[in-house]
Amino acid sequence: MDYCKEYEKRFDRYYDELKWLYCELYKNQDEAFKQLCGQMYRFYTERKAALKTMDRERAKDPQWYKGNRMVGMMMYVDAFAGDLNGVLKHLDYIEECGVNYLHLMPLLDTPEGRSDGGYAVSDFRKVRPDLGTMEDLECLAKECHKRGVSICLDFVMNHTSEDHEWARKAKAGDPEYQSRYFFYDNYDLPAQFERTVPEVFPTTAPGNFTWVQEAGKYVMTTFYPYQWDLNYWNPVVLNEMAQNMLNLVNRGIDVIRIDAVPYIWKQLGTNCRNLPQVHTIVRIMRIICEIVCPGVLLLGEVVMEPDKVVPYFGSVEKPECHMLYNVTTMAATWNSVATKDIRLLRQQMNVVSGLPKDYVFLNYLRCHDDIGWGLDYPWLKQFGINEVSHKKYLNDFLTGQYPGSFGRGELYNSDPESGDARLCGTTASLCGIEKAAFERDAEALEKAVRLDLMLHAYMLSQSGIPVIYSGDEIGQENDYTYHENPKKWDDSRYLHRGDFRWDLEKKRSVKGSLQEKIFDGIRKLETIRAQVPVFCTDAQVWTIDTWDDSILGLVREYGEEKVIALFNFSEFDKVAWINEEDGMYTDLISGRTMEAKGVEIPAYGIYWLMRENGIEENK
């Protein structure tokens, strides 16, 4: 092939490993490998000059996404602004939010009423018609790049909608397309799978297989019956999905969020989770990007226990995902809100802080999904905490069922047999803003706003990229109208997927309003973080004992700069019994100067205490 020098250099660097990995998955499939290589070159030649220039610039600065200036926001296009052109018109507002990383929730074509929030894709090359076109997406990405904003988009690798072209041909009996899924003539093999494969949705979508009447066969459906699992034992599937990914990045997408990564490879006799072949596939996708579009990042959605998450970074020598969600810290944060006990959160912070600095987490309080209580129960057992009863307490507290609780969430996929359930709700409603506003309790509302801001400050204090869920910046509450919509009422996650409240957004300019307090409070925190290098990813981070289980103490150190961050998870004024002997400190938020000794901290209070010589260095 007549490769240009730029492509040839990258291709030669990775060729041996790519071929070895591919042939490890697919024996004697040299022709399929050649086809993949040809497809990669074609997408490289079709990649626009501006995107190639961006690739080169990012390749020169591989730390471009690891600093302390990156702030993300995730949103549903239709909920935020109707369609892609609406988002384009509101880019000024997005910039006012301090956002330079924009995650657009699934927007590819999907059947109405059987979409799973957009994760049942019927056409990977087409935007949902009511949201716009691929050209609209490309136009939005181009304008975002002009403003220094990166675009993230979901890529659903594990399954397609039953309305996808492949699925329709499989239903019609075409064996070639049936081989792209897991079809079985009878229930013998599915029954064997069911013995070892857990159910994702035991109440709303029990089992892992669905009978397809048109084909007269069973098909594997790990999630919902209308989402058919792709068969990556077939090299055609990997090749075609790689093309679909490259088509998106050539439209200007900067970050590919790989959905449901652990589930990609299925094998009889296993739990079909986190198998070695999954890591092989993710590494292949990483190499494809490094060759064709090295400025593009891979974000892995791995909602698993901590020891299963970190391996998806790969190794420093052979990396897989550039970034992963900090799922466990998010869940541990809400555990601390409900229990007013930070010991588990501190333990989680110690684990994350001990990882290599190359590992970048996306930190968040809320997202489009539910909160699953995948906590470290073996560690909690030392305190006499039982998993089942503890989950019940957390859900009771955050849904307002527990006496004196302020949360106003709803349960998702509640399983009466196991007692397990997950939680839905916006940050504001879970923090008590909804309850206090409804009851017109001014004192409770003030505390709820402080809790909301404290949690955002904690998120911004962690290393990695903080991501705000659209609406949280104005304290948007739960949207209960989904109960009236037959297409949504079975899925309580729509509780926090309501339309963006532009009427509330206007109130952020009203002095003393709840919206002003939250919006300006978060923006102030973001601005401080962006201006002070100690918040960069390369900083050393560790926790300190405050001698109070409701106060989290976190230290960040970078060069001469040192910040002690204190977070009071209690509704009472407290004292953090720290005793730092290295000089005076100034709170970056209030400007108040104090010793870092016996620090009095109000209910749901925050301090970012910076050592004064660090302030002089920063000047």
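Residues are numbered from 1 along each chain as its sequence is written. In this predicted model, local features need pLDDT of at least 70 and side-chain atom pairs count only at pLDDT 80 or more, while totals for chains, interfaces and linings use all residues; side-chain values use heavy atoms, with hydrogens and water left out.

**Domains and their interface**

An automatic or database domain assignment gives the bounds used here. The chain is divided into domain 1 (32-59 + 94-158 + 238-323), domain 2 (159-229) and domain 3 (539-611). The centres of domain 1 and domain 2, taken over C-alpha atoms, lie 24 Å apart. Their contact (heavy atoms within 4.5 Å) takes 26 residues from domain 1 and 25 residues from domain 2.

About 1900 Å² is buried between domain 1 and domain 2, and carbon and sulfur atoms give 60% of this area. Buried area is the accessible area (1.4 Å probe) that two parts lose on being put together, summed over both. On the side of domain 1, R114, K266 and L268 supply 29% of the area buried against domain 2, more than any other three residues.

Three salt bridges are counted between domain 1 and domain 2, each being a side-chain nitrogen of Lys or Arg within 4 Å of a carboxyl oxygen of Asp or Glu. R114 forms a salt bridge with E162, with 2.9 Å between the closest N and O atoms.

The side of domain 1 that touches domain 2 receives two or more residues from each of strand 4 (123-127) and helix 11 (235-249). Helices (H or I, at least four residues) and strands (E, at least two) are DSSP runs, numbered from the N terminus.

Leaving aside neighbours within four places in sequence, L36 is in contact with Y22, N239, A242 and I288. The C-alpha atoms of L36 and N239 are 5.8 Å apart, although 203 residues separate the two along the chain.

K171, with residues up to four places away in sequence not counted, touches E162, V212, E214, A215 and W228. Among these is E162, the partner of R114 in a salt bridge.
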